[in-house]
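Here is a short briefing on the model shown below. Points are grouped by topic.

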Amino acid sequence: MNTHKFMQDHAPLPMTSPTQPMRMIQGNGVDVGKTIHFTFDGRSYTAHPGDTLASALLANGVRLVGRSFKYHRPRGILSAGPEEPNALVELRTGARREPNTRATVAELFDGLTASSQNRWPTLAFDALGINGALSPVFTAGFYYKTFMWPASFWEKIYEPIIRRAAGLGRAAEEADPDCYEKSNGFCDVLIVGSGPAGLAAALAAATSGARVILCEQDSLPGGRLRAENILIDHQPGWNWAEATINRLRAMPNVRIMTRSCVFARYDGGTYGVFERVSDHLATPQPDQPRQRLWRIVARQCIVATGGIERPIVFPNNDRPGIMLAGAVRTYVNRFGVVPGRRAVVYTNNDDGLRSATDLHAAGVQIVAIVDSRPSSAHAQAIAQRTGAPLFPSARIADTSGYRGVTAALIRDSEGKDCRIACDLIAVSGGWNPDIALTTHHGKRPSYNDEIAAFIPTSDEEDMHVSGVAAGTMTTSGALTEGALAGHQAAACCGFGKASSPPPAVPSVDQDESYGIVPQWHAMDAESGRRAGRAFIDFQNDVTAKDTKLAAQEGFRSVEHLKRYTTLGMATDQGKTANVNGLAFLAEVNGQSIPQTGTTLTRPPTQPVTLGTLAGPHRGLHFKPHRLPPTHQWATEQGAVFTANGLWQRAQWYPRVGETTWQDTVNREVNTVRSAVGFCDVTTLGKIDIQGPDAANFLERVYVNAWQKLPIGRARYGLMLREDGFAFDDGTTARLGENHYVMTTTTANAGPVMQHLEFCHQCLWPDMDVQFISVTDEWAQIAVAGPRSRDVLRQIVDPQYDLSNESFGYMAAATITVCGGQPARLFRLSFSGELAYELAVPAHYGDALARLLMRVGAPYGITPYGTEALGVMRIEKGHPAGPELNGQTTAHDLGMGRMLSTKKDFIGRTMATRAALTDPGRPTLIGLRPLVAGTTLDAGAHLLPKGSPATAAFDQGWISSSAWSPTVGSWIALGFLSNGPARHGEIIAVHNPLADTVTEAEIVSPVFVDPEGKRLHA
Amino acid sequence: MSSERYSLFSLLRESLRGHTGWKPAWRKASPQAAYDIVIVGGGGHGLATAYYLAQRYGIRRVAVLEKGWIGNGNIGRNTTIVRSNYLLPGNTPFYECSMKLWEGLEQDINYNAMVSQRGVLNLFHNDAQRNAYIRRGNAMRLHDIDAELLDASAVRAKLPFLNFDDARFPIQGGLLQRRGGTVRHDAVAWGYARAADKLGVDIIENCEVTGITITNGRVTGVETSRGPIAASKVGLACAGNSSRVAAMAGLRLPIESHVLQAFVTEGLKPFIDCVTTFGAGHFYISQSDKGGLVFGGDIDGYNSYAQRGNMPVVEDVVEGGMALMPRIGRARLLRQWGGLMDMSMDGSPIIDRTPVDQLYLNAGWCYGGFKATPASGLCFAHLLARDEPHEVATAYRLDRFGRGAVIDEKGMGAQPNLH
Amino acid sequence: MRLNCPHCGERSLEEFTYRGDATLRRPAADASAKSWVDYVYLRDNPAGRHEEYWYHGAGCRAWLVVDRDTTTHRVHSVRAAGSTSENTRLNHEHA
């Protein structure tokens, strides 16, 4: 009679709040000393801290909360947890509007605003309630059978109507204003759930010394201990839970995370956890994220997630006021709220009967106990104690009431019907262990006849399941199992010995009985067409009939059933529906439940906001910015920047008086070609290569020869992939006997580095050579133009002779500048002019730019950006990204003759395949328009003049184009079948997207200084 | 009277009599001793192949063998997008053939698979990307396929909720194929199954192929969990399991199996009209007729048969989503899953004979198999019936790798995880 | 998924880049065209244990040979590609 004693502890509220007529007693989870305010559908209500939106609505007597998806049936609150299918609302407003928020987990804060969704014009009068009347037509999968005639009507008529009805809540219309974070956590033992099993596990593991993280999705620890009248160590269970949590909190090796849902199990002991940091506040504190994503790495995991109660399927089982029996106890015991005044309890197990006891103790009249099982002494005792008529071997055959249940039609063991007025039906069809996490790796659970539910098949080496989640239905069992799991998990991590006895667990006043005898539904075989609809999946309005029809049409696999009827596909993922659906299908198929199968759950266990999964990586912070060393200086110059991969590069440097970017780029090109300019080319990949086998190694990764490259010289090189297609190009300079520095394209800096490491470590590990990326170590600036030597002479220390004779084209040297500062100088030219690339330690890059501006001023120096760089490389016919697109070969690029026949190199053999050397392949050419002012568009296709504009005549395309101020015309690079043999031919340039066809002459891809006089100057 | 044909009329008639007249969409067939053609794999491609064999080529002694329930592979695990916006001449006509078959699918198979031509928009964010899309769009137009180039303002007018304010990689424009869109994926499997069944094809579920019988270098049938089945020809349409099944005939394929994850949110009132792909991250999205945002990104990148992926890709994909559509931050991810992709070495499929006589292969669909379903079925049926490639699938030969005639849309080379 | 890098210890997936079958051997330069095509294009692609290359790009830049089950993602061992000796083979504590 401990229960009675406990009830005496349950003091009635000092003063019943007139605005919360259903708040009857002091709940263990709310602070009735404080009153807060909220609105639902524009009406104001009061509540207390600790309430959820659902408990607050119930406290205020609000039963109608939402509408179902398909039939727009009036719906109330079914559950008290994340499994809620019905009570979905739009929480908050404006940019913070959160659609489809389960009222049962939304913590109440002062000023909370919520609205019902998926109804028009109002919740009480929803026009689409008409769908209910059309339900004979709107059966499972009806849309697959119609809307096909006429064909054009689908997109124009039918689908727009369907889409107008689609969806539940409305996404916010503005960018999410809140911040999100990501964090990493590491522990020996991760415990999921803080009910009796989880707490016992945490204590056992933590006492052994293991690092423990305990995650509880709720705001308060305790799990079902908050919902039930259970005495642990002679104190209320929730009291014990709080004391235990406080004990754990005091341990340095324990982290308690509330409002934290472990939503997924990934590989290697990695778990996804989603923490609601400030959802219980009106808005996050400044500098506080709204939510946080945790990647927790745990060596062992204990799943103590408890269970989810399932309803019984009976006609019109979806009316507001028909609730899960366990949820009713949560509202009574935790929140002090009674969801009705006249209650029917309907159960197929002893656990459901507890709702009668608790409701009665809270002053609710129990008008009937409907037990689907034969009469038992236990049920009789409870009926007697609560003064309720007991209907053994009975069921509920129907209910009445539109916006809330008003009566239950009870069919007794003899088939006699009895209508009983009520405003609450507490239903228990038994409990399903919450095993979602245990199935994420594809492990199928097994059906347990004794508890009529699926349980995890067996423990895995890094995952233990205990308590209700494992099918253990008593509190004492959960405590014992949890402690054992915690003890063993810690031992697996080297803390304590598995063979030693697990720690003692506290006593529980009495073991709960369960005694389930499944009654999945209360449908008569003969009830036939006139019975009301009996819902299996509430939110998606999947009825018993739908499942029968699906089976009749051959959708007899559980996965087919799910997909055909949409059972289990709603926002609750069928947490309260799937097993009932399976039981139904089994019955229709004439099979047992295990024969029929089960569906695996997929992550996440609960819906996770996209904001959390993205964390801070949005807007400008989507990807990091890489800034070249001259970035600050370029900003001061007023440069316009462009993204080049992660790099921000100066695109051009506008000057006063220039009205278009083209003016600026023309000026930059002209200045380089006539005087001097400079450009930060730090972004090109730079790889330092050292070792006795460096030259041999280069021989194998480049197509051309490297053995004879002298110290102090650089060479252009082309790399292929092993499949024979072009990979990357660049120059490599020999700085010492065994020392080379390679440059790569900006885009391929990382891939080339990876490739070199692969070749070395995986293909030729015996080679004595090492690599390191020095891209970020050196600021490298190209100084180009006929006066570039004059400018450099102002900077390079005088002992270095820059004359053409001693430092000619392709020379490379380690030098000093500015009176002894280390530097590297390369005589390389991308522009085709006399040009150098000067490298200095990266932190001198900014100073170098400023110095070049100063000493170059007398020579008319200009900085130039990537646009002018691009124009000049097109003028010189140098391939870049658009040409090196991974689909081209050395032959296509006009470099077929570079391929050495005297050595092995990556791609050598495959490059000789017939299709890669076919002369008919599109090959690099230049193009000039017949009329100089005519634009050549990159991406246009090349067809013989006069041929029809069809693919059959397509012979090539333009890869790059630019206005060339040097040539005084548009110019382009492209690829054309048999291109090199066709110089001089006029070809049609088709750009159907722009609706243009122009003509151009096929020319050499080198437009400026084909003899190369300038770069040798 | 049963309702054999689906129509509004039959639906109304059935609704008046409790839907008692609907027949199973396909028979639960048991294996016969022998067939003209056995298709291994009851996914979209296998079922479509069987349908076209019966419907277009008059071959009806056909069995489709499925180890589980039909449609349990990628046909039911994809993001439902259909399009024919391909660049390379080996691909373009094939995918356009598929697009045209989609456009007539409902009338063809009398099943509403909800082919919804709401458009596919590929966004670009820099000049090089724009030029590549212009090249592609022009290739499409030269093949008489619709394509339009949108500038940033046109994109904004169409999708005003994209991030135009503080984007790390600002949207410059997009390539739009209006005829692209989405299709209700499961319905494609069911629709083809029903249509093939009506023409006499046996669809045999829970029938796993355990061996391929080869006599004198020639296939004569298959061993299955339900006994041996003789066949004059055997066609493999096993997607991610292609290597395993081909190995039963001693073949190694130019294929790796990889996992591709896909995601759906809770249902929201529709606001995303067309399929949209982000050009500066791994993210593409559409909104289903139920209201869920259906999205995906890149493959996880390692060999896998596990049909599930890992967290870095989840984060990467959603980061792309938030970068592109900052208003979806408070929408919730409802479900994620993984499909088993038969990633070929050049990113393009194979529909060809194999070195083993009378054994035919349909594989290598990478993550693009769904949109190909009708044409894949048609071309594989053509090959099986006529022993020569269909005119739109002539490039999908197994020997193209030896010849070097690869079809590499992405230019990533012989590394399947980069396609 | 986590890989136990022999140089850096156990690290998370995002630090690594994948590159397929590690049992392939690059043919000699004068090997037959067929052996080259096999090497570049054909794969066993097993459902089960798979020796495969991973690159620790965000760590020590070592190429690793990982023995992993493609059906469960369980990692059985990791060793540096450049080394062949058994003593560098580290057993994984976690799948």
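B:Lys100 counts as partly exposed because it has 15 C-beta neighbours inside 10 Å; a buried residue would need 20 or more, an exposed one 12 or fewer. The model is predicted.

**B:Lys100**
- Helix α3 of chain B, residues 92–103, holds B:Lys100.
- From B:Lys100 to B:Ser243 the sequence separation is 143 residues. Their C-alpha atoms are 30 Å apart in space.

**The nine-stranded sheet**
- Nine strands make up an open sheet with mixed pairing. Their order is β31(A)-β16(B)-β12(B)-β15(B)-β14(B)-β13(B)-β4(B)-β6(B)-β5(B).
- The edges are β31 (608–609) of chain A and β5 (148–151) of chain B. Each has a single partner strand, so one side of each lacks a neighbour in the sheet.
- β5(B) runs antiparallel to β6 (residues 173–177) of chain B, and four bridges join them.
- Across this pair, B:Glu148 stands opposite B:Leu176 in β6(B).
- Helix α9 of chain B, residues 311–324, packs on the sheet. This helix touches β12, β14 (284–287), β15 and β16 (332–344) of chain B. The direction of α9 makes about 140° with that of β15(B).

**Where chain B meets chain C**
- On chain B, 22 residues are in contact with 20 residues of chain C.
- Elements giving two or more residues to the chain B side are α8 (242–247), β12 (255–267), β15 (292–303) and α11 (400–403).
- By class, that side has ten nonpolar, nine polar and three charged residues.

**Chain C**
- Chain C has one helix and seven strands. Along the sequence they follow the pattern β-β-β-α-β-β-β-β.
- Of the 95 residues in chain C, 35% are buried.
- Take the contacts in chain C with a separation of 6 or more: 44% of them link residues 24 or more positions apart.

**Nonpolar cores**
- In soluble globular proteins, nonpolar side chains tend to be buried together.
- The largest nonpolar core here has 457 residues. A:Val189, A:Ile369 and A:Val783 have the most contacts inside it.
- Which residues does A:Val189 touch, leaving aside those up to four places away in sequence? Among them are A:Ala205, A:Val212, A:Ile302, A:Gly486 and A:Cys493.
- A second, separate core has 17 residues, including C:Leu13, C:Trp63, C:Val78 and C:Ala80.

How values were computed
Residues are numbered from 1 along each chain as its sequence is written. Chains are lettered from A and ligands numbered from 1 in the order in which they are written. This is a predicted model: local features need pLDDT of at least 70, side-chain atom pairs count only at pLDDT 80 or more; totals for chains, interfaces and linings use all residues. Two residues are in contact if their C-beta atoms, placed from the backbone, lie within 7 Å. Ala, Val, Leu, Ile, Met, Phe, Trp, Tyr, Cys and Pro count as nonpolar, Asp, Glu, Lys and Arg as charged, and the others, Gly among them, as polar. A nonpolar core is a set of buried Ala, Val, Leu, Ile, Met, Phe, Trp, Tyr and Cys residues joined through C-beta atoms within 7 Å. Two strands pair if DSSP finds at least two bridges between them. Axes are lines fitted to C-alpha atoms, for helices over the stretch in contact, and angles run from 0 to 180 degrees between N-to-C directions.
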